[in-house]
Amino acid sequence: MEKEQEKQPHFVYILRCRDGSLYTGWTTHLEERVRTHNQGKGAKYTRSRRPVQLVYWEQYPDKGQALRREQAIKRLSREEKLALIQGQPEAPAES
């Protein structure tokens with residue numbers, strides 16, 4: 001099962017919630033996960049903010065890469081996340 005899961009793609013995604021907030025997560029089944037969020041069975045954060053809309057996603061070959069990217073996106077400011085969603089490159093980190 002572990003080997004099988006590593007062969008399937010891993011997705012990092014951003015949802016826009018009903019209240020306009022953004023939620024970032026990861027999954028191996030993107031459409032199913034969005035449906036789960038909208039059924040109120042997803043993350044606690046999204047349960048009271050339904051419906052949610054998938055506004056951004058990236059695909060990775062393994063879980064480790066997806067989880068690292070998820071954490072990187074979660075550290076972005078709201079403005080940086082909105083720029084990412086709009087297809088603009090991330091601002092370089094200031095030293």
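**Terms and their grounds**

Modeller: Six bridges join strand 1 (residues 10-16) to strand 2, and the two run antiparallel. The model is a predicted one, in which local features need pLDDT of at least 70, side-chain atom pairs count only at pLDDT 80 or more, and totals for chains, interfaces and linings use all residues. Residues are numbered from 1 along each chain as its sequence is written, and side-chain values use heavy atoms, with hydrogens and water left out.

Colleague: Why are strand 1 and strand 2 called paired?

Modeller: Two strands pair if DSSP finds at least two bridges between them. Strand 1 and strand 2 have six bridges, so they are paired. In one of these bridges, Arg16 has Leu22 of strand 2 as its partner.

Colleague: What makes strand 2 and strand 3 edge strands?

Modeller: The open sheet has three strands in the order 2-1-3, with antiparallel pairing. Strand 2 (22-27) and strand 3 (53-60) each pair on one side only.

Colleague: What is counted as a helix or a strand, and how many of each does the protein chain have?

Modeller: Both are DSSP runs numbered from the N terminus: helices are H or I with at least four residues, strands E with at least two. The protein chain comes to five helices and three strands, in the order α-β-β-α-α-β-α-α from the N terminus on.

Colleague: Why is His37 called buried?

Modeller: Buried means under 20% relative accessible area, exposed over 50%, and partly exposed in between (1.4 Å probe, protein chains only). His37 has a relative accessible area of 0%, so it is buried. Its place is in helix 2 (residues 30-38).

Colleague: How do you know that the side chains of His37 and Tyr13 make a polar contact?

Modeller: The term denotes a pair of N or O atoms within 3.5 Å; within protein, one must be able to donate a hydrogen and the other to accept it, and residues adjacent in sequence count only if both atoms are side-chain atoms. For the side chains of His37 and Tyr13 the value is 2.8 Å.

Colleague: What makes a group of residues a nonpolar core?

Modeller: Such a core is a set of buried Ala, Val, Leu, Ile, Met, Phe, Trp, Tyr and Cys residues joined through side-chain atoms within 4.5 Å. The largest has 10 residues, among them Val12, Leu22, Tyr56 and Ala66. Strand 1, strand 3, helix 4 (63-74) and helix 5 each give two or more residues to this core. A second, separate core of nine residues includes Phe11, Cys17, Leu30 and Ala43.
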